[in-house]
Amino acid sequence: MSNQPEHPALLIPGPVEFDDEVLQAMSHYSQSHVGAPFVATFGETLTMLRQLMQSSRPETQPFVVSGSGTLGWDFVAANLVERGDDVLVLHTGYFADSFADCFETYGINATQLKAPIGDRPQLPEVEKALKEKNYKLITVTHVDTSTGVLSEVKALSELVHRVSPETLVVVDGVCSAGSEDIQFDEWGIDAVLTASQKAIGCPAGLCIMMYSGRALERSQNRTTRPGSYFASIKNWLPIMRNYEAKKASYFATPSPQLIHALHTSLTQILARPLSERFAIHRETSQRIKSTIASYGLTQVAAKPENQANGMTAIYLPEGVKAPELLPNLLKKGVIFAGGLHKEIAAKYIRFGHMGVSVVDPARKDIDRALEALKEGLGEVGYQTS
């Protein structure tokens with residue numbers, strides 16, 4: 001049983017519920033960020049991130065920098081491309097628009113390849129686009145939090161390496177790392193950016209990234225200075241290498257308490273094979289989606305192959321509005337999120353099911369959420385099938 005004060009189960013697509021030990025790690029006494037004890041913890045954390053991303057190549061490098069997942073976009077835009085370069089952004093929802101906007105802020109030309117809402121760009125379309133222009137990198141949102149659409153990273157990366165091998169493959173894994181399989185080395189990925197507060201199960205405040213050797217080489221061989229000082233790979237790379245080697249180093253102050261929490265959450269994640277963790281998320285997701293279908297509800301991501309394992313975006317029945325339904329769920333001790341995609345925001349809600357709510361068998365968050373959804377719909381006039 002949790003020792004946390006009683007509270008509604010937070011079942012949005014992040015932040016998620018946190019394990020007691022992770023929260024206790026946040027209360028670690030103050031330490032010097034260049035002292036040997038903390039340096040050892042940070043170094044172990046970076047090594048564990050390699051395991052989570054399934055990368056063992058010595059030329060790759062994990063990064064942990066204070067900030068949100070959004071900071072990862074700045075790192076990519078400020079370091080891996082230069083003003084006037086062309087990038088291809090695969091669009092599966094709200095966050096592709098935002099990533100493209102970040103690129104444009106740095107003077108980079110972002111071309112979006114869009115799919116209908118709830119779908120993803122198809123590989124033949126991507127191949128056609130790559131043959132039409134020289135793109136320095138391509139970005140894909142592994143799971144778009146606004147739609148629950150899951151992208152096929154392995155096949156996409158294989159395509160890019162075959163058709164346009166100089167194009168870097170960048171994965172926005174903010175809503176996937178920890179609940180979806182990411183095989184960094186095997187799939188030939190060049191960058192994954194994510195955050196601490198979703199399936200990784202740590203409070204918000206850390207931007208987590210993994211870069212390939214050729215991505216780091218790209219960042220070091222620029223003809224112009226990086227577009228950001230704080231988000232500069234040139235500034236952070238020696239720091240991360242030193243920390244992982246258990247050597248004190250300094251560029252900007254990290255958050256020792258958050259690093260301790262991340263260390264704890266990664267230790268828990270890696271205590272069992274990653275394949276088991278992904279299987280549990282997949283099985284729970286399938287049960288949720290099956291139950292929702294039995295209620296007569298449909299998903300934004302209609303095709304099974306497009307459906308994420310850590311969240312579900314659910315269309316509301318005709319006549320039911322989120323501002324009426326969500327307060328009913330809160331009264332029952334469950335918090336879902338409203339719609340985020342601007343074109344359909346009023347038509348759907350989002351159910352996050354990742355991390356400790358899924359992998360801890362003692363918790364009943366998922367069962368409680370499904371029952372609350374059924375009852376809540378009935379209270380606003382919709383009877384489930």
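**Close-up views of a predicted model**

**View 1. Asp367 reaches across to Arg287.** At 38% relative accessibility, Asp367 is partly exposed, a label for anything between buried (under 20% relative accessible area) and exposed (over 50%), using a 1.4 Å probe and protein chains only. Arg287, at 37%, is partly exposed too. Asp367 and Arg287 form a salt bridge, with the closest N and O atoms 2.9 Å apart. The pair ties together distant parts of the chain, as Asp367 sits in helix α14 (residues 365–379) and Arg287 in helix α11 (residues 274–294), 80 residues apart. A salt bridge here is a side-chain nitrogen of Lys or Arg within 4 Å of a carboxyl oxygen of Asp or Glu; by that rule the count comes to 16. Helices (H or I, at least four residues) and strands (E, at least two) are DSSP runs, numbered from the N terminus.

This is a predicted model, so local features need pLDDT of at least 70 and side-chain atom pairs count only at pLDDT 80 or more, while totals for chains, interfaces and linings use all residues. Residues are numbered from 1 along each chain as its sequence is written, and side-chain values use heavy atoms, with hydrogens and water left out.

View 2. Glu158 is partly exposed at 45% relative accessible area, and Lys154 is partly exposed at 39%.

**View 3. Asp365 belongs to a salt-bridge network.** Asp365 is bridged to Arg363, with 2.9 Å between the closest N and O atoms. Asp365 is buried, with a relative accessible area of 4%. Shared partners join Glu17, Arg363, Asp365 and Arg368 into one network of salt bridges.

**View 4. Gly333 sits in a loop.** The loop runs between α12 (322–331) and β12 (334–335). Gly333 counts as buried at 15% relative accessibility. Leaving out residues up to four places away in sequence, Gly333 touches Pro8, Ala9 and Arg368 (contact means heavy atoms within 4.5 Å). Glu6 is 327 residues from Gly333 in sequence, but 9.5 Å away in space, C-alpha to C-alpha.

**View 5. Seven strands make an open sheet.** The order is β2-β10-β9-β8-β5-β3-β4, with mixed pairing; two strands pair if DSSP finds at least two bridges between them. β2 (61–66) and β4 (109–114) stand at the edges with a single partner each, so one side of each has no neighbour in the sheet. Strands β9 (residues 191–195) and β10 (residues 206–211) run antiparallel, joined by five bridges. Val192 stands opposite Met210 in β10.
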